[in-house]
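Dear colleague,

Please find below the structure for your files. A short account of the findings follows it.

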Amino acid sequence: MLMIGAFFGAMLTSLTGFMEELGRAESAGVLYGALGIGSAIMALSMTIMPQRFRLHARFLVFALVMFAAALGLLAVQSEVQMTWVLVLLGIGIGPVLVTIFSIASERSPKGRTATLMTILSSSIVVGQATLSAVTGRVVEQVGVDAALKLPVYAVGAIVVGAVITFIILHSESPSKAVAASV
């Protein structure tokens, strides 16, 4: 969740720098909203995903969707291209958020779910604040092209987390996974 926050912070700050270069800094927030379009639709669709599409597989698949979309940040040249990249990123981020919360809820010790959810939510805030500051410095001192790499790196870290989660949870037998969640 820390890296999801890092992604949000790096994305919004580098997007603001990108839009400023285009002379349309005031549109950064509206464009950032494009991330929410795919995110909201896909997050809500997690409720209708088949049970056989296990949480650890969802995490990996949608993290990879995010990474593929994030690579588009390295080539964007226009507001239209950026909008499409943000929509595609949203298709991955919504399910990743829902899935991480679901995995945590499923595996939290009895009576500790609220505490764990609070920690996860706070991690998003810490990651966002940290990478917003770092990305702002990169925009100012190195440039927007360098800053647009930071969301890609954050998504790469999310993919690494998804791979590790997939390996751990996939290797557990179903009875162990149920026992661990009880």
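Predicted model: local features only at pLDDT ≥ 70, side-chain atom pairs only at ≥ 80, totals over all residues.

Glu79 takes part in a salt bridge with Arg24, in which the closest N and O atoms are 2.6 Å apart. Arg24 is situated in the loop between H1 and helix H2 (28-45), whereas Glu79 belongs to helix H4 (residues 79-107), so the pair ties together parts that are 55 residues apart in sequence. Arg24 is likewise partly exposed, at a relative accessible area of 34%. The structure holds one salt bridge.

With a relative accessible area of 7%, Phe62 is buried. When neighbours within four places in sequence are left aside, the residues in contact with Phe62 are Met42, Met46, Met49, Phe53, Ile91, Gly92, Pro95 and Val96. Between the C-alpha atoms of Phe62 and Leu97 there is a separation of 9.8 Å, the two residues being 35 residues apart along the chain.

Finally, the surface carries a nonpolar patch formed by Leu2, Met3 and Val126, which together have about 230 Å² of accessible area. Of these residues, Met3 lies in helix H1 (residues 2-21). Met3 counts as partly exposed, at 31% relative accessibility.

With kind regards

Definitions and conventions
Residues numbered from 1 in each chain as written. Heavy atoms only, no water. Patch = residues over 30% accessible without salt bridge, like charges linked within 9 Å, V, L, I, M, F, W, Y side chains within 5 Å. Areas by Shrake-Rupley, 256 points an atom, 1.4 Å probe, with all protein chains shown as cover. Salt bridge = Lys/Arg side-chain N within 4 Å of Asp/Glu carboxyl O. Helix = DSSP H or I, 4+ residues; strand = E, 2+ residues; numbered from the N terminus. Buried < 20%, exposed > 50% of the residue type's maximum accessible area, 1.4 Å probe, protein only. Contact = heavy atoms within 4.5 Å.
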